[in-house]
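This briefing is meant for a reader new to the structure shown below.

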Amino acid sequence: MKQPKKLAELAEQVRAAFADGDPSARWKDHERRNLHALLDAYRAAGLGDFTAYADTFTADVELDIAGPPDVPFVGRWVGRDDVVKAATANFAMVADQCPEVLAVVAQGDRLAVHLRETGKWA
């Protein structure tokens, strides 16, 4: 990604999806803090700062990337170290990333982002 405009667009999509269909979203302080932590993670990864990216996670973070089985970065990772290793490798394989946020679900300590992404294998 590594482009501030795309990072800003992604952040805005995530914020909008968080509030979509939930008129009380602005009062959900706990979920909003988690959302901001996620945005910090996206920002750090997009800038290639995987140390800062790792710092945004709890030890039990999970990453699940779905797609066709022939895509080399499809998989599921659990734990800070494995998620950071996978994300670092994944970002190195893709250029011109264009994420599109489809939905954000936030409930207590749980936060899930469903997105679709296009790009080119580098």
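Aspartate 40 and arginine 43 both belong to helix H2, where three residues, about one turn of the helix, separate them. The two form a salt bridge, with 2.8 Å between the closest N and O atoms; a salt bridge is a side-chain nitrogen of Lys or Arg within 4 Å of a carboxyl oxygen of Asp or Glu. The model is predicted: local features need pLDDT of at least 70, side-chain atom pairs count only at pLDDT 80 or more, and totals for chains, interfaces and linings use all residues. Residues are numbered from 1 along each chain as its sequence is written, and side-chain values use heavy atoms, with hydrogens and water left out.

**Helix H2**

- Helix H2 covers residues 29–46; helices (H or I, at least four residues) and strands (E, at least two) are DSSP runs, numbered from the N terminus.
- The 18 residues of H2 should span 26 Å at 1.5 Å a residue, and the 25 Å between its end C-alpha atoms agrees with this; the expected span is 1.5 Å times one less than the number of residues.
- Aspartate 40 is partly exposed at 39% relative accessibility, and arginine 43 is partly exposed at 36%. Here buried means under 20% relative accessible area, exposed over 50%, and partly exposed in between (1.4 Å probe, protein chains only).
- Buried residues of H2 include Glu31, Leu35, Leu38, Leu39 and Tyr42.
- Just after H2, glycine 48 has a positive phi of about 80°.

**Other salt bridges**

- The structure contains six salt bridges.
- One of them joins the side chains of glutamate 62 and arginine 76, at 2.6 Å from N to O. Glutamate 62 lies in strand S1 and arginine 76 in strand S2 (residues 75–78), so this pair ties together parts that are 14 residues apart in sequence.
- Glutamate 62 is partly exposed at 47% relative accessibility, whereas arginine 76 is exposed at 51%.
- Lysine 120 and aspartate 96 also meet through their side chains in a salt bridge, at 3.6 Å from N to O. This pair links distant parts of the chain, with lysine 120 in strand S4 and aspartate 96 in strand S3, 24 residues apart.
- Lysine 120 is exposed, with a relative accessible area of 51%, while aspartate 96 is partly exposed at 41%.

**Strands S3 and S4**

- S3 and S4 run antiparallel and are joined by eleven bridges; two strands pair if DSSP finds at least two bridges between them.
- Alanine 95 stands opposite lysine 120 in S4.
- The hairpin of S3 and S4 has two residues between the strands, and glycine 108 takes a positive phi near 60° there.

**The largest pocket**

- The largest pocket holds about 1,700 Å³ of space. On a 1 Å grid over the protein atoms alone, probed at 1.4 Å, a pocket is an open set of points with protein on both sides within 12 Å along at least five of seven lines, and lining residues have an atom within 4 Å of a point. Grid points are joined across faces, edges and corners, and the volume is the space filled by probe spheres set on the points.
- Its lining has 45 residues, and Leu38, Tyr42, Glu62, Leu63 and Asp64 lie nearest the centre.
- S4 gives the most to this lining, with twelve residues.
- The lining divides into 27 nonpolar, nine polar and nine charged residues. Ala, Val, Leu, Ile, Met, Phe, Trp, Tyr, Cys and Pro count as nonpolar, Asp, Glu, Lys and Arg as charged, and the others, Gly among them, as polar.
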